[in-house]
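Please work through the exercises below with the model open beside you, trying each task before you read its solution.

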Amino acid sequence: MIALAGALYLWLSYVVTTDPAPSLLAVIFTLLPFFAAAAIGVWKSPHRPLALALSGAALALLIFNSGQLYGHIAWLFFLQHIGAQGAAKDDGKQRHRA
């Protein structure tokens, strides 16, 4: 079931990034994992009030600039890819240090 959900997410992400005018529902669905990861990070933060305030400010900026972001949704997935690769590199370095 998890593999099916992952495959659906990948397919929908592909459709959203290649479609010149993706539906708003598809864009929101593909951004849910980002928001879920952010919510988990805020919840586990030792500085929860600060993390919550900064996350709220980031969300406000996203909403304020949603028109521009909607037209360039592929860039958001590109940035997500860079972040994932950076996290994988950092994770590998930490394992070798121990």
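This is a predicted model: local features need pLDDT of at least 70, side-chain atom pairs count only at pLDDT 80 or more; totals for chains, interfaces and linings use all residues.

Residues are numbered from 1 along each chain as its sequence is written, and side-chain values use heavy atoms, with hydrogens and water left out.

**Exercise 1.** Find how many helices and strands the chain holds, and what percentage of its residues count as buried.

Solution. Begin with the elements, which are DSSP runs numbered from the N terminus (helices are H or I with at least four residues, strands are E with at least two). The chain has 5 helices and 0 strands, and the order from the N terminus reads α-α-α-α-α. Next comes burial, where buried means under 20% relative accessible area, exposed over 50%, and partly exposed in between, with a 1.4 Å probe and protein chains only. By this rule 14% of the 98 residues are buried.

**Exercise 2.** Locate Ser45 and Ser55, decide whether each is buried or partly exposed, and name the backbone atom that each side chain reaches.

Solution. Take Ser45 to begin with: this residue sits in the loop between α2 and α3, and it counts as buried because its relative accessibility is 18%. Its side chain comes to 3.1 Å from the backbone nitrogen of His47. Ser55, by contrast, belongs to helix α3, and its relative accessible area of 31% makes it partly exposed. A polar atom of the Ser55 side chain lies 2.9 Å from the backbone oxygen of Ala51. Both distances can be checked against the definition of a polar contact, a pair of N or O atoms within 3.5 Å, where within protein one atom must be able to donate a hydrogen and the other to accept it, and residues adjacent in sequence count only if both atoms are side-chain atoms.

**Exercise 3.** Which element gives the largest share of the nonpolar patch on the surface?

Solution. Start from the members of the patch, which include Leu8, Trp11, Ile28, Phe35 and Tyr70 and together have about 1100 Å² of accessible area. The elements that contribute two or more residues are α1 (2-18), α2 (24-44), α3 (48-64) and α4 (66-71). The largest share, 5 residues, comes from α2. Ile28, one of the patch residues, is in helix α2 and is partly exposed because its relative accessible area is 45%.

Conventions
Patches are made of residues with over 30% relative accessible area and no salt bridge: like charges are joined within 9 Å, nonpolar side chains (Val, Leu, Ile, Met, Phe, Trp, Tyr) within 5 Å. Accessible areas come from the Shrake-Rupley method with a 1.4 Å probe; for residues, only the protein chains shown count as cover. A salt bridge is a side-chain nitrogen of Lys or Arg within 4 Å of a carboxyl oxygen of Asp or Glu.
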